[in-house]
Amino acid sequence: GLARPDTFDWPKRLTELARDFPPQVLVLSLGSNDAQDLLDGNGKVVAAAADKAAWDAEYSRRLAASFDAFADSST
């Protein structure tokens, strides 16, 4: 998911995949295990799950970064 970039940075990886293997069709499933505190790349909490407004704002930013990876791919 997008909650733990300290474990795996999906937006970065999706950017690489879109560049190296531009898809004709894309089906993307995100969020199935992200109902938890959102961490940064160093493992520090940047939005606690208990703070719904902060969590929603940060998660929305991460979703946008994931979708933006394909902005230039004509997908």
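Me: What share of the residues in the protein chain is buried?

Reply: Of the 75 residues in the protein chain, 24% are buried. A residue is called buried when its relative accessible area is under 20%, exposed when this area is over 50%, and partly exposed in between, with a 1.4 Å probe and protein chains only. The model is a predicted one, in which local features need a pLDDT of at least 70 and side-chain atom pairs count only at pLDDT 80 or more, while totals for chains, interfaces and linings use all residues. Residues are numbered from 1 along each chain as its sequence is written, and side-chain values use heavy atoms, with hydrogens and water left out.

Me: How do you know what confidence the predictor has in the protein chain?

Reply: The value to read is pLDDT, the predictor's confidence in each residue, on a scale from 0 to 100. The protein chain averages 92, and 100% of the residues score at least 70. Confidence is lowest in helix α1 (residues 10-20), with a mean of 92, and highest in strand β2 (residues 45-47), at 97.

Me: What makes a stretch of the chain a helix or a strand?

Reply: Both are DSSP runs numbered from the N terminus: a helix is a run of H or I of at least four residues, and a strand is a run of E of at least two. By this rule the protein chain has 2 helices and 2 strands, and their pattern along the sequence is α-β-β-α.

Me: Why is Arg62 called buried?

Reply: The relative accessibility of Arg62 is 6%, which is under the limit for buried, and therefore the label applies. Arg62 belongs to helix α2 (residues 52-68). With neighbours within four places in sequence left aside, the contacts of Arg62 (contact means heavy atoms within 4.5 Å) include Leu2, Pro11, Leu39 and Asp40.

Me: What makes Asp72 exposed?

Reply: Asp72 has a relative accessibility of 81%; this is over the limit, and therefore Asp72 counts as exposed. Asp72 is in the segment after α2.

Me: Why is Thr75 called partly exposed?

Reply: The relative accessible area of Thr75 is 41%, which falls between the limits, and therefore Thr75 is partly exposed. Thr75 also lies in the segment after α2. Not counting residues up to four places away in sequence, Thr75 touches Pro23, Gln24, Val25 and Leu26. The C-alpha atoms of Thr75 and Arg61, 14 residues apart along the chain, are 20 Å from each other.

Me: What makes a group of residues a nonpolar core?

Reply: The members must be buried Ala, Val, Leu, Ile, Met, Phe, Trp, Tyr or Cys residues, joined through side-chain atoms within 4.5 Å. The largest such core consists of 6 residues: Leu2, Ala3, Leu38, Ala47, Trp55 and Tyr59. Tyr59 touches Leu2, Leu30, Gly31, Asp34 and Leu38, with residues up to four places away in sequence not counted. In soluble globular proteins, nonpolar side chains tend to be buried together.

Me: How many of the contacts with a separation of 6 or more join residues 24 or more positions apart?

Reply: Such residues account for 62% of those contacts in the protein chain.
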